[in-house]
Amino acid sequence: MTNKVTLTQFIIEQQRELPGVSGMFTSLLNDIVTACKKISHLVNRGELIGVLGSAGSENIQGEVQKKLDIITHNIMVDALCWTGHLAGMASEEAEDWIKIPEYYPKGKYLALFDPLDGSSNIDINLAVGTIFSILRCREGVDPSLEDFLRKGSEQVCAGFVLYGPSTMMVLTTGHGVNGFTLDQAIGEFILTHPAMRIPPETGEFAINMSNKRFWEPPVQRYIEECLQGEAGPRGKNFNMRWIASMVAEVYRILTRGGVFLYPFDFRDPSRAGRLRIMYEANPMAFIIEQAGGACSTGRERILDIKPHSLHQRVPVILGSKNEVERIISYHKELGDTAVTQKP
Ligand code: AHG
Ligand code: MN
Ligand code: MN
């Protein structure tokens, strides 16, 4: 095949269109690509190189860490700390944000990442991924926590890599969404899915049904109406999927539409949701909106939320626009009587 457009070529050409953009962003993206190629290789080798299974430790959020959660975190940090493109970074697997060592130059961007999303799937050989978000840092100052705690609408780039049957990178810089497939033969990501768009209508939903008894009434109502199919108020049959890897769910929605919900639930009142705003909800919301979809907590656009902490969790409802808007309208109908605690 001739005329293959590589990810680097695509980004350089896209950046040329924008005034005042330096090469630093393209170089930063190359750092991330290098890390993700390494992760792809390790995930693919699996038990051959002894990387599967639990690490026997917990992260800051009290979740049991897999060996690969720690290995992938270290790969990302090692690839990004020395190249001079970042002023700091934050990872789902680290309690505090990570400073760039004094002996390396500092750049003007901040990177936030979930090094291995869907890690409960790693030992059963299902799809996992890496999610990342890039913010611009104030120039000439050492960053502080406040520099990271910015609304998702301020992201300059968001993307994820899906380690599935093919390794794919999906990327937005605020000018639509493009998908690239890793050509293992030449070690390059090639543009294979230009201008990805999410159809506004869908007949497919994704939710962890085992949490049903903990959901709020608007979510109960939406799912119940889907389940009633042709005979119910929606007048059509719905299909359901749950992969337990947000990267795989979002990729499916980008290719054939659908709606994904990890809503607020009553299991633990101290947690607003399951997914983390900085490493999961914000980057995915940016991508989904850029592909013509919508992303909300049910009451608020995800990208408009001002985060108060690095590991903050939020309810997430994303995907085909008309369905997300319907779920938001069910929340609105509930009005002031919103139930946010176990009745
Ligand atoms: P992580 O592996 O980074 O902790 O994220 C897993 C997330 C997300 O990818 C997925 O949608 C969800 O957790 C699955 O949660 P359940 O196990 O509750 O279904
Ligand atoms: Mn995750
Ligand atoms: Mn993770």
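This is a predicted model: local features need pLDDT of at least 70, side-chain atom pairs count only at pLDDT 80 or more; totals for chains, interfaces and linings use all residues.
Residues are numbered from 1 along each chain as its sequence is written, chains are lettered from A and ligands numbered from 1 in the order in which they are written, and side-chain values use heavy atoms, with hydrogens and water left out.

So how do the two domains meet? On the domain 1 side, 49 residues are in contact with 31 residues of domain 2, contact being heavy atoms within 4.5 Å. About 3,000 Å² is buried between domain 1 and domain 2, and carbon and sulfur atoms give 64% of that. Buried area here is the accessible area, with a 1.4 Å probe, that two parts lose on being put together, summed over both.

How many salt bridges are there between domain 1 and domain 2? The count is five, where a salt bridge is a side-chain nitrogen of Lys or Arg within 4 Å of a carboxyl oxygen of Asp or Glu. Helices (H or I, at least four residues) and strands (E, at least two) are DSSP runs, numbered from the N terminus. Over the whole structure, the search finds 20 salt bridges.

Now to the metals. Which residues coordinate the manganese ion that is ligand 3? They are E92 (OE), D114 (OD) and L116 (O), at 2.2 to 2.3 Å. Donors are N, O and S atoms within 2.8 Å of the metal (3.2 Å for Na, K and Ca), and water is not among the atoms, so sites may look incomplete. E92 lies in the loop between β3 and β4 (98-99) and L116 in strand β5, so this pair ties together parts that are 24 residues apart in sequence.

The other manganese ion, ligand 2, has D114 (OD), D117 (OD) and E280 (OE) as its protein donors, lying 1.8 to 2.2 Å from it. Along the sequence, those donors follow the spacing D-x2-D-x162-E. Here D117 in strand β5 and E280 in helix α7 (residues 277-290) link distant parts of the chain, 163 residues apart. And D114 turns up at both sites: this residue bridges ligand 2 and ligand 3, the two manganese ions, which lie 3.7 Å apart.
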